[in-house]
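Good morning, and thank you for coming.

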Amino acid sequence: MIIDTHAHLDVEEFADDLPEVISRAREAGVEKIFIPAIDLKSMDTVMAVCRQFPDTCYPMIGLQPEEVRKDWREVLDAMYQRIMLSLKQKEEGTALPGETIIAIGEVGLDFYWSREYEQEQLAAFEEAVKWSVETRLPLMIHCRKAQNEMIHIMRHYEKEMPGGVFHCFTGNQREAEAFLRFDRFVLGVGGVSTFKSSHLREDLPAAVPLDRIVLETDSPYMAPVPYRGKRNESAFIVEVMRTLAASYGLDEAEFAQRTNENVRRVFGIGW
């Protein structure tokens with residue numbers, strides 16, 4: 001069985017055939033799928049998907065950096081209230097199936113296209129880190145062209161953070177080592193690892209122990225070979241698992257089992 005730690009199954013690309021997408025994932029051996037909210041609207045769409053498939057889909061909530069605007073404080077206030085309500089319901093045993101939030105995410109920094117909201121992004125990300133410390137929920141972190149700024153913020157909370165995932169890792173050995181200095185964090189690796197041009201098949205075994213990797217699709221984006229250019233979906237994570245198992249010289253079943261153990265450790269979830 002495989003766990004997809006990052007898939008946007010609530011988006012329009014899956015509006016017409018989501019039950020079939022979930023069915024194909026299960027048939028492929030995908031046991032669990034973690035779904036991140038990225039803004040206010042997606043809090044509701046993510047929860048709706050997770051309520052519909054409570055034994056498969058699990059919600060995460062955060063403000064994705066590309067969605068940060070001038071109203072970021074108001075957005076975070078609403079998200080914080082939803083997270084705290086979820087934790088209260090979990091403690092009281094009143095949470096509905098599929099509604100227990102398992103992580104703070106997708107959050108982070110992204111200066112790839114613009115730095116227009118740089119200060120807002122920095123403040124919003126630091127607030128998310130504080131939530132993680134307070135709630136003991138792991139972080140699901142998006143970082144693009146902002147590694148130094150991200151690490152600078154995280155160092156202030158290094159001993160307090162419960163852990164998390166550096167989502168969509170596509171960096172080199174040096175970047176991997178910088179991320180893994182945060183010893184309760186792991187790298188989320190997806191379809192890019194299967195691309196012919198990718199160096200991940202060499203760099204990951206050279207620099208990243210197997211207990212520091214989890215698998216993801218980032219569906220509907222970045223489909224792996226042989227589906228590259230098509231809509232990605234959770235069933236395709238099998239191609240990522242096969243590619244990385246071969247890179248690490250491991251049997252596929254053992255690789256899946258060990259990466260699943262990493263998920264359970266980081267997210268504190270037992271099934």
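R242 is partly exposed, with a relative accessible area of 39%; by the convention used here, buried means under 20% relative accessible area, exposed over 50%, and partly exposed in between (1.4 Å probe, protein chains only). The model is a predicted one, in which local features need pLDDT of at least 70 and side-chain atom pairs count only at pLDDT 80 or more, while totals for chains, interfaces and linings use all residues. Residues are numbered from 1 along each chain as its sequence is written, and side-chain values use heavy atoms, with hydrogens and water left out.

Let me stay with R242. Its partner in a salt bridge is E239, with the closest N and O atoms 3.5 Å apart. A salt bridge here is a side-chain nitrogen of Lys or Arg within 4 Å of a carboxyl oxygen of Asp or Glu. The two residues lie 3 apart in helix α8 (residues 237-248), so about one helical turn separates E239 from R242. E239 itself is buried, at a relative accessible area of 18%. Helices (H or I, at least four residues) and strands (E, at least two) are DSSP runs, numbered from the N terminus.

How many salt bridges does this rule give? The count comes to 16. One of them joins the side chains of E99 and R51, at 2.7 Å from N to O. That pair links distant parts of the chain, 48 residues apart: E99 is in the loop between α3 (72-92) and β4 (103-110), and R51 is in helix α2 (residues 40-52). E99 counts as buried at 15% relative accessibility, whereas R51 is partly exposed at 39%. R184 and D183 also meet in a salt bridge, at 3.5 Å from N to O; here R184 is partly exposed at 35% and D183 is exposed at 56%.

I turn now to α3. This helix has 21 residues and reaches 30 Å from its first C-alpha to its last, close to the 30 Å expected at 1.5 Å a residue; the expected span is 1.5 Å times one less than the number of residues. Which residues of α3 are buried? They are W72, V75, L76, M79, I83 and S86. These cover an arc of only 90° around the axis, which puts them on the same side of α3; the arc is that of the directions from the helix axis to the C-beta atoms. On the other side of α3, R73, E74, Q81 and E91 are exposed. The cover over the buried residues includes α2, β3 (57-61), β4 and α4 (118-135). Just after α3, G93 takes a positive phi of about 80°.

The largest nonpolar core has 77 residues, of which L9, L187 and L204 touch the most other members. Such a core is a set of buried Ala, Val, Leu, Ile, Met, Phe, Trp, Tyr and Cys residues joined through side-chain atoms within 4.5 Å. Neighbours within four places in sequence aside, L204 is in contact (heavy atoms within 4.5 Å) with F169, L187, V189, I213, L244 and Y248. A second, separate core of 14 residues includes I102, A103, V186 and V266.

In strand β7 (residues 185-189), 5 of the 5 residues are buried, so the strand is largely enclosed by the rest of the structure. F185, L187 and V189 point one way from β7, and V186 and G188 the other way.
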